[in-house]
Amino acid sequence: MSEWKKSNWRNKPRVQMPDYTDPTKLHAVESKLSNYPPLVFAGEARKLKASLAAASRGEAFLLQGGDCAESFDQFSADGIRDTFKVMLQMAMVLTFGAKVPVVKVGRMAGQFAKPRSAATETVDGVELPSYRGDIINDLDFTPEARIPNPDKMLQAYTQSAATLNLLRAFSTGGYADVHQVHQWTLGFTESEKAAQYRDMATRISDALDFLKAAGVDSARAHTLQTVDFYTSHESLLLEYEEALTRLDSTSGKWLAGSGHMIWIGDRTRQPDGAHVDFASGVINPVGLKCGPTTTAEDLKVLMGKLNPENEEGKLTLIARFGAGKVAEHLPRLIETVKSEGANVTWVCDAMHGNTIKSATGYKTRPFQSVLGEVQEFFAVHKSEGTIPGGVHFEMTGFDVTECTGGVWEVTEENLSDRYHTACDPRLNASQSLELAFLVAEELVKFRQNMDLAAHG
């Protein structure tokens, strides 16, 4: 096998990537980025890989969430804080249900590029190139805005660095204190609409009270005040990814310095394509989206390329089928993994298969469909004797109205109230936390079933 180089992808078929019209400008941006510090470090990526390995064995659980696509216009410290806050609340509830550590990975500090179902879009008879995320072009529907601009990579880097800086401060500066996080959650359950979740919240309170009585409180236990928080994104724009790839002096291997974890989307997982080639050579944990068209043969080849040494925690398979379709597709992929003896972490993306167009014209995702897919994911793993290792949601800490349903009953008529996403609909803060309670219930049932099987 020839030696992997970070530029090898340039010799492979590429899809879902822009054609830059000014090669000189592109090269100048790539050169500048290649001299910038990496956004993440190899030791962090190795630590995340070890945590994902634990999730594959049922000794941890992955919570991956954040924006569909980050934007330059909506960038703010409050936005970062609010999404981080909701993920901490979700993680606490999931930790209580799973009785294992929750690995927290944000779709943040790099999730700027988006694959599109069509290369162009037409409005009022005018056809223009599709918007592909703020790192590539602009959302405004004008010919100038839709021209891919390499300089936007520099802005994406700057915003990612600022986001990471704030996340690291929140993670270690006391904001993540477990007692404070629980107080936020209690506020959610005080509403009559969320009364069904009060019992679990009360049990979490009892557990924290016990710890305090036993002398384990935030003032004495550093682990109750700090969290590990990682970043992830789809490694779609490979010019950006290559420019931030660095040689790890400890291992002598290559690190994708753009984020702790990268993933390959359902539209870019061609076994001989550019995106698979790039991801095959970095030491970061890699996610692979698996949709209804993923074949057993493709999965075998992809697992061999993306995790040639069959390391635990290296490869996460992110299932995205849609509610009502999990039992049709997931078992055959699980069988393929079993037959290959492959080490993978199974994660449920309950968002991308459940996008519909509402009667009012807005793209949305019904809360019940998202929950339904998670429940089916757990049911299949229970019947197959395999481990559901985590969940992957598109969500925000903002009070948006983009997904219907939930205890606050967002309806199709409400969608226009606060529909702010540039691409796909996201769960709002209360829907995200409600979902965490419901997933925690699934984890409790799964854990009880495992215990029965172990002692049966």
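Visitor: Where is His-352 found?

Guide: You'll spot His-352 in the loop between β11 (345–349) and β12 (356–357). Keep in mind that this is a predicted model.

Visitor: Why is His-352 called buried?

Guide: Its relative accessible area is 18%. Buried means under 20%, so His-352 counts as buried.

Visitor: Which residues does His-352 touch, leaving out those up to four places away in sequence?

Guide: Those are Arg-107, Lys-114, Lys-289, Arg-320, Arg-365, Glu-394 and Asp-424.

Visitor: What makes the pairing of His-352 and Glu-394 a polar contact?

Guide: Their side chains are joined at 2.9 Å, and the cut-off for the N or O atoms is within 3.5 Å. The side chain of His-352 also has a polar contact with the side chain of Asp-349, at 2.7 Å.

Visitor: How many residues apart in sequence are His-352 and Ser-130?

Guide: They're 222 residues apart in sequence, and 19 Å apart in space, going C-alpha to C-alpha.

Visitor: Now for the helices. Why are α1 and α4 called roughly parallel?

Guide: Look at the axes of α1 (residues 23–34) and α4 (residues 151–172): they cross at roughly 25° and come within 8 Å. Angles under 35 degrees count as roughly parallel, so that's the label for α1 and α4.

Visitor: Which residues meet where α1 and α4 are in contact?

Guide: From α1 you have Lys-25, Leu-26, Val-29, Lys-32 and Leu-33, and they meet Asp-151, Met-153, Leu-154 and Tyr-157 from α4. Sorted by kind, the residues of this contact of α1 with α4 are 6 nonpolar, 3 charged and no polar.

Notes
Residues numbered from 1 in each chain as written. Predicted model: local features only at pLDDT ≥ 70, side-chain atom pairs only at ≥ 80, totals over all residues. Heavy atoms only, no water. Axes fitted to C-alpha atoms, helices over the stretch in contact; angles between N-to-C directions. Helix = DSSP H or I, 4+ residues; strand = E, 2+ residues; numbered from the N terminus. Parallel < 35°, antiparallel > 145°, perpendicular 65-115°, else oblique. Contact = heavy atoms within 4.5 Å. Nonpolar A, V, L, I, M, F, W, Y, C, P; charged D, E, K, R; others polar. Buried < 20%, exposed > 50% of the residue type's maximum accessible area, 1.4 Å probe, protein only. Polar contact = N/O pair within 3.5 Å; in protein donor to acceptor, adjacent residues only side chain to side chain.
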